[in-house]
Amino acid sequence: MPEKNIYDLIIVGGGPAGLSAAIYAGRRQLNTLVLAKNIGGQMGISDQIENYPGFDFVTGFELAQKMFQQAQKWGAQFEFREVEKIISQENTFVITVGSGQEFSARAVILAFGLTSRNLEVPGEKELQGKGVTYCATCDGPLFKGKTVAVVGGGNSALESVEYLSKLASKVYLIHFKNKFTAVPALVDRVKTIDNVEFICCARVEKINGRNKLESVDLENIDDGPAKKKLELDGLFVEIGYRAKTDWLKDFVELNQSGEIISSRDGKTSRPGVFVAGDCSDSQYKQVVIAAGQGAVAALQVYNYLVQKQGKKILPDWGKARST
Ligand SMILES: Cc1cc2nc3c(=O)[nH]c(=O)nc-3n(C[C@H](O)[C@H](O)[C@H](O)COP(=O)(O)OP(=O)(O)OC[C@H]3O[C@@H](n4cnc5c(N)ncnc54)[C@H](O)[C@@H]3O)c2cc1C
C-alpha cells in the first residue's frame, strides 16, 4: 500500500482567514492543503467591501478570487469538502470530511468562520436548497418573478428584502417583533417599496412542501396578524450567524458562544492546532482582521513545525531588520 500523504498543514476554511494563511504557509514552503466548502465564505457574499486596505470598493467575490489565485500561486492545494471530524493520532492530526475520506497533517489551522443560524423548525432541513435558503445574494436570481419571504429584523434581512424586491414579484418580511435592529434609514426605505409587505410579531412555525417549498405556517406573537399560512416559492432565513463548533467541543476549548478560545498569536488549547478569523473568540469580525489572523496563524505553524524538528526558527522580517 502506498504511504499516506501527510501534509505539513491543513487549513479548514476558504474565507479570508484560510486564504491568507495559505498564502503565508506557501511562502514558508509548507506543504499545505485547504479543505473548504467554498471559496470566500461570508466575504464572498458581501456585495461591497469598502474597508479593506488598498481598495476603495471591491466585491467580496472579487477579493476572494484574488486571494484564491494568490494562494494557488504559492502552492496551496485545495479540496472542496466539508470537514466533520478531527482527531489527534500520534504525531499527526487526522481530519475526516463528509464523504468519509481522511486527510492527515502535522499542524492544523481552523479558519471556518461563522455559519448562518437555522430556524430549527419542522421542514427546514428537508427543504434546504429546495426553496429554503440562507443567502439572498447567492440565490436571489433563482426567484425572479416569484413570491418570497425573508425572516429576520437586522441589516442583513432588510438588505436582502431590498435586493429581492428588484427580482421577485412579492417579498414578505417576517419578523418576530415590531422593532428592528437594522438601521432606521434602511427600515424606512424598505417600507416604501411597493411589492414589499411587513409581517411583524409572527414566527415561522413550520415549513411545508414535498420536493420543494410550498408554504410556511406562521405562529402569531402578541397581537400579530391572523394570517396563518403563507404560500411561497422562496424563504430566505437571515437571522444571524454562529460559530458551528459542536464537532470540536472535546478537541479544543470553546467559550460560551461556541467560539474557539485563542491566544493573541492564534494558539488554541491543543498544541499544533491554531485558529484564525471569525470562528475564534476575537472581538472583531472583519475581513482585514481575519486575513491578519490567518497570516499570524501560518507563521506560528511554521515556528511550531521547525521547533518540533529541533531546528532554530527564522526571525520574521521585522525582527531580522532590527537585529
Ligand atoms: C453580508 C455580510 C457583509 C459583510 N461585510 C463586510 C464588510 O464590508 N467588511 C468587512 O470587513 N467585513 C464584512 N463582513 C464580515 C466578514 O465577511 C467576515 O468577518 C470574514 O469573512 C470572516 O472571515 P473567515 O475567513 O474567518 O470566515 P468566512 O468568511 O466565514 O469563511 C469561512 C470558510 O470556511 C468554510 N467552512 C465552514 N465550515 C466548514 C467546514 N466544516 N468544513 C470545511 N470548510 C468549512 C466556508 O465554506 C468558508 O470557505 C460581512 C459579513 C457578511 C455576512
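Helices (H or I, at least four residues) and strands (E, at least two) are taken here as DSSP runs, numbered from the N terminus. With that convention I placed Glu90 in the loop between β4 (83–89) and β5 (92–97).

**Entry 1: ground rules.** I noted that this is a predicted model, in which local features need pLDDT of at least 70 and side-chain atom pairs count only at pLDDT 80 or more, while totals for chains, interfaces and linings use all residues. Residues are numbered from 1 along each chain as its sequence is written.

**Entry 2: the chain as a whole.** I found nine helices and 17 strands in the protein chain. Its radius of gyration, taken over C-alpha atoms, is 22 Å, close to the 20 Å of the globule rule (2.2 Å times the number of residues to the power 0.38) for 323 residues, so the chain is as compact as a globular protein of that length. Along the principal axes, the C-alpha atoms fill a box of roughly 70 × 45 × 35 Å.

For burial I counted C-beta atoms, placed from the backbone, within 10 Å of a residue's own: 20 or more others make it buried, 12 or fewer exposed, and anything in between partly exposed. By that count, 38% of the 323 residues are buried. Contacts, meaning pairs of C-beta atoms placed from the backbone and lying within 7 Å, were then sorted by separation in sequence. Among those between residues at least 6 apart, 59% join residues at least 24 apart.

**Entry 3: domains.** The domain assignment (bounds come from an automatic or database assignment) gives domain 1 as 6–114 + 243–322 and domain 2 as 124–237. I read 34 Å between the C-alpha centres of domain 1 and domain 2.

Entry 4: The ligand is surrounded by 32 residues, and the closest are Gly13, Gly15, Gly41, Gly113 and Gly277. The elements giving two or more residues to this shell are α1 (16–27), α2 (41–44) and α8 (287–308). I also sorted the shell by class, where Ala, Val, Leu, Ile, Met, Phe, Trp, Tyr, Cys and Pro count as nonpolar, Asp, Glu, Lys and Arg as charged, and the others, Gly among them, as polar. The shell holds 15 nonpolar, 13 polar and four charged residues.

**Entry 5: nonpolar cores.** A nonpolar core is a set of buried Ala, Val, Leu, Ile, Met, Phe, Trp, Tyr and Cys residues joined through C-beta atoms within 7 Å. The largest has 57 residues, of which Ile10, Ala21 and Ile109 touch the most other members. The most residues in this core, nine, come from α8. Apart from it lies another core of 30 residues, including Val171, Ala202, Val204 and Leu218. Setting aside residues up to four places away in sequence, I listed Leu33, Leu35, Ile95, Phe103, Ala105 and Val108 as the partners that Ile10 touches.

Entry 6: Beyond its neighbours within four places in sequence, Tyr7 is in contact with Asn31, Thr32, Leu33, Ser104 and Ala105. Tyr7 and Ser104 are 97 residues apart in sequence, yet their C-alpha atoms are 6.2 Å apart.

Leu232 lies in the loop between β14 (229–231) and β15 (234–237), and it counts as buried because it has 24 C-beta neighbours inside 10 Å. With the same exclusion of neighbours within four places, I noted contacts from Leu232 to Thr147, Val148, Ala149, Leu213, Ser215 and Val216. From Leu232 to Ser215, 17 residues away in sequence, the C-alpha distance is 5.0 Å.

Entry 7: Most residues other than glycine have a negative phi. I recorded a positive phi of about 50° for Glu90, which is exposed, with 7 other C-beta atoms within 10 Å. Gln29, in the loop between α1 and β2 (32–35), has a positive phi near 60°, and it counts as exposed with 11 C-beta neighbours inside 10 Å.

**Entry 8: two further loop positions.** Cys135, in the loop between β8 (132–133) and α5 (136–139), is partly exposed, with 16 other C-beta atoms within 10 Å. Gly129 sits in the loop between α4 (124–127) and β8 and counts as exposed, with 10 C-beta neighbours inside 10 Å.

Methods
Near = placed C-beta within 6 Å. Contact = placed C-beta atoms within 7 Å.
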